[in-house]
Amino acid sequence: MASTVLTDRRWIARGEERTSLSRFLLWLTPWTVLLAIGVYAAALCLWYGLNQTNMDNRFAFGLWIFLDLGIIALGAGAFFTGFLVYILKRSELKPILNTAVVVGFICYSGAVAILMIDVGQPLRAWFTFWHPNTHSMLTEVTFCISCYLLVLSLEYLPILFRNRQLRKVPSLFVFERQLHMLVPVLAAIGTLLSFFHQGSLGGLYGVLRGRPFAFRTGILIWPSTFFLFILSAIASGPSFLMLVTATVEKVTGRRLVPQDVFRRLAFISGLLLAIYVAAKSIDTLVWLNVTSPSAGFAPWQFYAHKPFGTPILFGEIVLFGLLPASLLLYRKTANHQGLLLTAAAMACSGILLNRFVLTVQTLALPTLPFDEFLSYMPSWQEIASFGGVIAYGVIVYSLSYRYLPLFGSKGDASHVSGN
């Protein structure tokens with residue numbers, strides 16, 4: 001299959017031509033250095049303990065948990081795309097399916113890796129499985145994330161085995177075909193697992209009665225944040241897939257998926273984001289008028305501490321919520337890729353802002369009259385570990401793009417041999 005340049009505006013078959021090995025290694029070099037620094041910082045934390053960080057008993061959640069919540073939300077495009085393709089039979093999204101699996105695998109494996117550092121005593125990390133606290137939402141989150149990472153690994157294997165060299169091994173070829181038959185089942189299981197752990201991550205904050213800023217009243221047996229986290233994750237997932245694919249197209253100079261795929265992802269993301277913004281607005285109004293006053297706090301007290309003010313609430317709901325939702329749903333925006341990707345970036349930024357607010361602002365604000373506002377600045381070890389996860393994601397995706405069939409022919413994205 002021949003490759004054409006991006007400016008041809010035609011379908012680019014991901015095929016036989018690729019950049020030279022020297023240029024590819026040059027691309028990987030800075031990311032490898034960043035990963036090495038991150039591994040060194042993580043090793044310091046694992047060897048000496050969490051005193052290498054600026055977290056303490058009062059500020060136990062910091063940059064790492066924000067990273068986990070953020071990349072898990074953005075990685076929701078994996079299970080949601082699988083749900084759309086295999087359960088709802090939206091076959092027009094097949095060209096993006098393989099890259100969704102890789103992105104999901106990177107996000108969840110990166111989140112699990114950073115959690116291993118955040119535990120503080122990695123030799124006891126298995127306690128959560130052998131001695132689970134059945135009354136904790138974190139137990140359900142731990143089990144679901146671990147199981148879903150296994151599901152993503154099984155979904156990634158058929159893509160891996162389609163590499164041109166590996167397909168020459170008969171046993172691997174047969175194994176790949178058998179795994180491919182299980183992918184719809186794995187997609188259904190992944191949807192179920194992701195639904196519950198996305199919700200429980202939000203529900204964790206909603207049940208914190210000692211933190212009136214995050215506490216929410218219940219809907220059935222769950223706090224409202226349970227459902228808001230699910231909505232925000234499936235709304236941001238398609239937007240993040242658009243950004244990843246467009247970035248790869250820009251770097252490689254190739255058209256990888258039809259423009260119709262971007263339009264469809266934009267519509268899905270915009271519709272779900274609009275629903276999320278409506279639900280978030282209702283939830284905020286209930287919190288302002290009922291939940292916060294019943295806890296003995298005037299709601300605006302929570303925004304009286306620098307650097308947190310009411311603009312952060314406006315930014316989350318309007319600037320990075322309602323505005324990108326409107327742009328993603330507007331037909332003329334769909335025909336202008338620059339505006340489309342800007343709206344997608346704003347949508348993802350809004351979800352990250354929401355996770356930052358719940359992770360950092362919730363713990364920084366005083367909850368008693370004699371409490372002080374807590375400031376937190378991550379240590380270089382925390383920042384380096386954060387950067388190491390980002391570098392890990394870039395390296396894994398780069399290797400997958402070069403050697404695996406992430407993007408196929410126009411007719412079928414999932415059955416093209418590797419490069």
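Which helix gives the largest share of the nonpolar patch? Hi everyone, let's work through that together. Please keep in mind that what we have here is a predicted model.

The answer is helix H5, residues 127–130, which supplies three residues.

You'll find Trp 126 in the loop between helix H4, residues 97–118, and H5. Trp 126 counts as partly exposed because its relative accessibility is 45%, between the 20% and 50% cut-offs.

Now let's go inside. The largest nonpolar core has 110 residues. The members that touch the most others are Leu 93, Tyr 108, Tyr 148, Met 242, Tyr 397, Leu 406 and Phe 407. And the element that gives the most to this core is helix H12, residues 337–364, with 13 residues.

My last stop is a proline, Pro 238, which lies in helix H8, residues 224–252. Is Pro 238 buried or exposed? Pro 238 is buried, because its relative accessible area is 2%, and buried means under 20%. If we leave out residues up to four places away in sequence, Pro 238 touches Gly 77, Phe 80, Leu 265, Ile 268 and Ser 269. As for another proline, Pro 212 is 26 residues from Pro 238 along the chain, and their C-alpha atoms are separated by 32 Å.

Key. Residues numbered from 1 in each chain as written. Predicted model: local features only at pLDDT ≥ 70, side-chain atom pairs only at ≥ 80, totals over all residues. Heavy atoms only, no water. Core = buried A, V, L, I, M, F, W, Y, C linked by side-chain atoms within 4.5 Å. Buried < 20%, exposed > 50% of the residue type's maximum accessible area, 1.4 Å probe, protein only. Helix = DSSP H or I, 4+ residues; strand = E, 2+ residues; numbered from the N terminus. Contact = heavy atoms within 4.5 Å.
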